[in-house]
Amino acid sequence: MAEILVLVDHADGAVRKPALELLTLARRIGEPSAVVLGAGEAAASLAAKAAEYGAATVYVADGPEFDEQLVVPKVDALTQIAKDKGVAAVLVTSSGEGKEVAARVALRLGSGLITDAVELEAGANGPVATQSVFAASYQVKSAVSHGVPVITVKPNSAAPETAPAAGAVENVSVAFTGNAARVVSRTPRVSTGRPELTESAIVVSGGRGVGAAEGFAVVEKLADSLGAAVGASRAAVDAGWYPHSNQVGQTGKQVSPQLYVAAGISGAIQHRAGMQTSKTIVAVNKDAEAPIFDLVDYGVVGDLFEVLPQLTDEIGAR
């Protein structure tokens, strides 16, 4: 079978969920191989996890460059492995950094690039990706016509499925190209204890209807009862009610959870562009004519300050 190279995202010594989704999708189009970079002592456990989800081979590269520089060392490693092994495709998580890595790798390989795929399938001439385009109003199928396809895939595009494989570890010595830019300091982001917004299976978002920063308390309580991430509309963020890092939409983050709950959000096109690929959408809005109701699977016309606490209590009771 054709070898499919998967860049494994990891944090704090653990494989991130989107990487497991990539390994699952890779099995649909070939034989997955994992690339673990800059993991240090955690490399062995990360390799074992990748093997559990189908990686026949795990390429491991380490060095201070992965900490001292931004994306360039990852690009160096991924490009070198892709060329040396003659892989059939390269898969990367569709995050901000992931898309930059993928674009640089595609350029170095002289290949085509597909971003924000939500599905992958085997085609006659290589992988075929499904993408949501024009603010998620349409779905198209795309394929790379020249070179090794480099594809970024949105988190939550597939449910991770185990498929134990050999997971033979191969250590790689990377010829780093060097980069003038260096990381001189790091400031850890304060953890909320909630899942990462773009990776969470459930997202609860608040909009202009929450009325003030204090209004997000009911949104957060519902999210916590569901083990969900908290999002916000652009209107709420612009008003200073919630951090920009939680903004969902065309100018914020794009999410594709199993369940998306929109509270007090009208449903402007720029917000829909960031969440329309969600599997199930629920909206609570006191305006029965709000555009969001044209999109949802379930809609509640009512005051979010009455509906959300009742929903939170019901979830707790169950």
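Local features were considered at pLDDT of at least 70 and side-chain atom pairs only at pLDDT 80 or more, whereas totals for chains, interfaces and linings use all residues of the predicted model. Residues are numbered from 1 along each chain as its sequence is written, and side-chain values use heavy atoms, with hydrogens and water left out.

Buried denotes under 20% relative accessible area, exposed over 50%, and partly exposed in between, with a 1.4 Å probe and protein chains only. Beyond its neighbours within four places in sequence, Val-58 is in contact (heavy atoms within 4.5 Å) with Ala-34, Val-36, Ala-47, Ala-50, Gly-167, Ala-168, Val-169 and Glu-170.

Helix α4 (residues 72-85) comprises 14 residues and reaches 20 Å from its first C-alpha to its last, close to the 20 Å expected at 1.5 Å a residue; the expected span is 1.5 Å times one less than the number of residues. Because ten of its 14 residues are buried, α4 is largely enclosed by the rest of the structure. Among these buried residues are Val-72, Asp-76, Ala-77 and Gln-80. Their cover includes β1, β4, β5, α3 (65-68), β6 and α5 (96-109). Gly-86, with a positive phi near 60°, follows α4.

Strand β12 (residues 202-206) is likewise largely enclosed by the rest of the structure, since four of its five residues are buried. Strands are taken to pair if DSSP finds at least two bridges between them. β12 runs parallel to β14 (residues 259-263), to which five bridges join it, and Tyr-260 of β14 is the bridge partner of Val-203. With β13 (residues 229-232), β12 pairs in the parallel sense over four bridges, and here Val-203 stands opposite Ala-229. Helix α6 (residues 216-226) carries the chain from β12 to β13 in a right-handed β-α-β crossover, that is, one in which, with the strands pointing away from the viewer, the path from the first strand over the helix to the second runs clockwise.

Conventions: Helix = DSSP H or I, 4+ residues; strand = E, 2+ residues; numbered from the N terminus.
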